[in-house]
Amino acid sequence: MDNHESNNTEAYDEAVKALLSPLHQATSPDEIRASAARRTNTLQDMQLYLQRIGLDVNSGQAENIPRLIFHVTGTKGKGSTLAFCESILRNAYNLNTGMFTSPHLVCIRERIRVNGQPISKGTFANAYWSVRRKLESFINKDVEDEIDSNSDDLPELPVLPGYFRMLTLMAIYTFCHSQSPIIEAILLEVGMGGRYDSTNVFEPSIPCLTSTSIPKRILVRGVTLIDYDHMRVLGSTLEQIAWEKGGIFTSNKLTNIGRKDGGYSAFIAEYTTWAKTNKKQGERNQSSREASYNTTVFASGTNIPAVLNILRYIISNDMQNGHLEVVDNCSMDAYPAVGLQGHHQRSNAALAVAMCLYAMKEYLASPCVSPKIMKQALAQTFWPGRCHTVSLPKIINTQSGIEASVNLRCDGAHTAISMEACIDWFRSVALADGRIYRVLIFNCSHERNPLPLLYSLHQSKLFDAVYFCRADFERPSMVAKRLEGQWYKQDLDGITLEDMCGVLEVGSCVALTWQETLANVWKIFNSYERHINVIDKRNTVESIPDVEFGMNVKTALASMQKKFSAYLLNKHLGNTNFRVEICVTGSLYIVGSALEAAGWEEGKLIS
C-alpha cells in the first residue's frame, strides 16, 4: 500500500468512526428526544444544510445538479425497485448513475453508489470531510441570509446533522461533484416514511430560472407496496403510513410540509369529508383530465385501494395537474426472467420499467429501447440481501468421508407480507432433492412485533434447527427490549400468544435478552403444537427443531459446522447427496451480519 492509499484508508476509517460517534448519533434520552422533536422540520433543516455545503438544489443556479432524479418510497421493495431502475438507466440507456440507499449490509460505502458500484474509500472520505468542514465553518457565523430553520420551541439545530441526514448530504454532494463520470441520473431511496425524510429535498420543478441553459428537471416518483412498519413513528394504520409516504408527491415542499402542516389529523379530517361527499365526482374528474395531465407519479398495484385513494387525494391537493399511474404486472409478460429471485420482485420490476419509460420519454423524447435490451437490463439487476444466495464451503466428515454442500439463503424480510414471500422463495430453492437439513437464523428489531414473522416461519414446518442471533450492528434505540402487551393479543390464525400462554400455564416470554425472548416465543409455539397434537390424538408427530440463541452469526455458523459434521456421521452414512440450507431473515441487519460472517463482499469493493 503506497502513502496515497494509506492516507485514503486512514481518512476513511476516521470518517466511519466519526459517523458512528456521538457527533452524528443521538445516544442519550435527551439527544434522542431533541432529534425526534425536529423530525417534522426535516426539509427546512436539510435545505439549510444543503445551502451551507454550496448546494441550493432548487434554485435557478443549480447547474451542477443532475436533471434526472428518481425518488422511491414504500415499505417493501424500495431498494429492489431502485436497483431495477439503475440497471435499466445504465445498461439500456447508457446513463451514468448515482444511487443512495439504506441500510448497508457489510460496508457503509454500499449506501452511495456510482454506476452500480459502492464508491471508493477515498471518495467516501472526501465527501465526509468536505461536507463536515463546510458545515463546521458556520460555527458562530452570522447567518442572517439563511432560511429560518430554528424556532423558539425547537431544540437548536446542530452544526453537524445526525447519521442519516449526514449520509444523505454526502450522497448528494458526491453525485453533484463527480467529474469522472459526470452523473446524469440520481436515484434516492427514502429512509423512513417520505414526507419528513431527508431525501425529500428535490422539487419537481425549479422556479425562477435565471439561465436558459438549465434544462427542465425530471423528478420521477414511485411508491412500492405499503405495509405495516415503523409504526411507532409512521402510525398504526395503512392510511396514515400512506400519508407519510405520499409526502414525496408534494410540491412546494418547504411551504406545504413542516411543523405547521397540521399533521395527519388535519389531513384525515379533510380526506374523510372528501371521501364522503366528493369521491365519485373526484374519480370522474380524475378520469376526464387524464389526457391533459403534465406530471405522472407511480404506485405499485400490489397496494390496497384504501392506500391508493390516500395517494390520489394527496396528488389532487398537492400537485398541479398530476396523475397517479397504478402499475400491475401485465407489462412483465415480455420479460419472463429478472435478475432478482422471488415472484414478488416482478412487481418491483414492473414499477421500475414504468418509471424509466416515463422518465426517458421526458429526458430523451424517445423512451423506446428494444425488448431484448430491456430484458438484458432487467436480467443484469443485482441487489444483495434480497433473495440472495451465497455458497459456503462444504462440510466434510473426515471419519466417513461424507460431505454436504452448504447454501446461505439471505432475505431481509421484516413484515408479515414480505416474510410470506421469503418463505415461498426459500421453499422453492431449498427443495428436498435428496437429503437436506434446513436451518433458520433469525433476528428482528425489538421495536417491531416479531410474532407474525415467527408464527409464519414456525407454521412453514421447514426447519430442523433455529438460531436466534445478535446482529453485529443495529440502530440506536431507547425502546425497551421486550414484547409489548398488545402483541400478546394479536391474532395468529385464530389464536393469540396470550391464549397459548394460558393453555400452557406460562406467565410470559420475557427474558434477559431479546434473542432469548424470541427463542421463548418459538418454544411456546412448539409446546402448544405438541399440546394440540395430544388433544387431537394425532398419530403423526412433527419433529421439533433444535433452538439456540444469544450468539452472533459467526459463532452460529461455527456451531453448525460442528453439529452437521456429527450429523453426517450418525444419520446419513453412505449418502453423498446431502445439502444444508440456511435461511437468514428478519432484518437486513442480521442478513448483513451473516454475509460478513461468510466472508462475502460485493464484487470487489474498490479500495
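1. Helix H4 and helix H13 (residues 345-364) pack at about 45°, and their axes lie 8 Å apart. Here axes are lines fitted to C-alpha atoms, for helices over the stretch in contact, and angles run from 0 to 180 degrees between N-to-C directions. H4 and H13 are therefore oblique to each other. Angles under 35 degrees count as roughly parallel, over 145 as roughly antiparallel, 65 to 115 as roughly perpendicular, and the rest as oblique. The crossing of H4 and H13 is right-handed. A crossing is right-handed if the near helix is turned clockwise from the far one by less than a right angle, and left-handed if anticlockwise. On the H4 side, Ser-80, Thr-81, Phe-84, Cys-85, Ile-88 and Leu-89 make the contact. They meet Gln-345, Asn-348, Ala-349, Leu-351, Ala-352, Val-353, Cys-356 and Met-360 in H13. Contact means heavy atoms within 4.5 Å.

2. A word on the basis. This is a predicted model, in which local features need pLDDT of at least 70 and side-chain atom pairs count only at pLDDT 80 or more, while totals for chains, interfaces and linings use all residues. Residues are numbered from 1 along each chain as its sequence is written, and side-chain values use heavy atoms, with hydrogens and water left out.

3. The protein chain as a whole. It holds 20 helices and 14 strands. Helices (H or I, at least four residues) and strands (E, at least two) are DSSP runs, numbered from the N terminus. Of the 607 residues, 54% count as buried. Buried means under 20% relative accessible area, exposed over 50%, and partly exposed in between (1.4 Å probe, protein chains only). Among contacts with a separation of 6 or more, 80% join residues 24 or more positions apart.

4. Back to H4, residues 78-92. Its 15 residues should span 21 Å at 1.5 Å a residue, and its end C-alpha atoms are 21 Å apart, which agrees. The expected span is 1.5 Å times one less than the number of residues. In H4, 13 of the 15 residues are buried, so the helix is largely enclosed by the rest of the structure. Asn-94 follows H4 and has a positive phi, near 60°.

5. H4 also packs against helix H14 (residues 371-379). The angle is about 130° and the axes are 8 Å apart. That makes H4 oblique to H14. The crossing is right-handed. Phe-84, Ser-87, Ile-88, Asn-91 and Ala-92 of H4 make the contact with Ile-373, Met-374, Ala-377 and Leu-378 of H14.

6. Helix H3 (residues 42-52) is another enclosed helix. Ten of its eleven residues are buried, so H3 is largely enclosed by the rest of the structure. Among the buried residues are Leu-43, Met-46, Tyr-49 and Leu-50, along with Asp-45 and Arg-52. The cover over the buried residues of H3 includes helix H5 (121-136), helix H6 (163-177) and helix H9 (253-256). Just after H3, Gly-54 takes a positive phi of about 85°.

7. Next, the nonpolar cores. The largest has 44 residues, of which Leu-19, Leu-55, Phe-124, Met-170 and Phe-202 touch the most other members. A nonpolar core is a set of buried Ala, Val, Leu, Ile, Met, Phe, Trp, Tyr and Cys residues joined through side-chain atoms within 4.5 Å. Helix H1 (3-19), H3, strand S3 (112-114), H5, H6 and strand S5 (185-189) each supply at least two residues of this core. H6 gives the most, with ten residues. A second, separate core of 41 residues includes Phe-463, Tyr-488, Tyr-528 and Val-547.

8. One more helix pair. The axes of helix H8 (residues 238-245) and helix H12 (residues 305-318) come within 9 Å and cross at roughly 35°. This crossing of H8 and H12 is right-handed. Leu-238, Glu-239, Ala-242 and Trp-243 in H8 meet Ala-306, Val-307, Ile-310, Leu-311 and Ile-314 in H12.

9. Two loop residues to look at. Pro-336 sits in the loop between strand S8 (322-327) and H13. Pro-336 is exposed, with a relative accessible area of 63%. Not counting residues up to four places away in sequence, Pro-336 touches Arg-346 and Lys-375. Gly-485 lies in the loop between strand S12 (465-470) and helix H17 (497-504). At 42% relative accessibility, Gly-485 counts as partly exposed. Gly-485 and Glu-498 are 13 residues apart in sequence and 9.4 Å apart in space, C-alpha to C-alpha.
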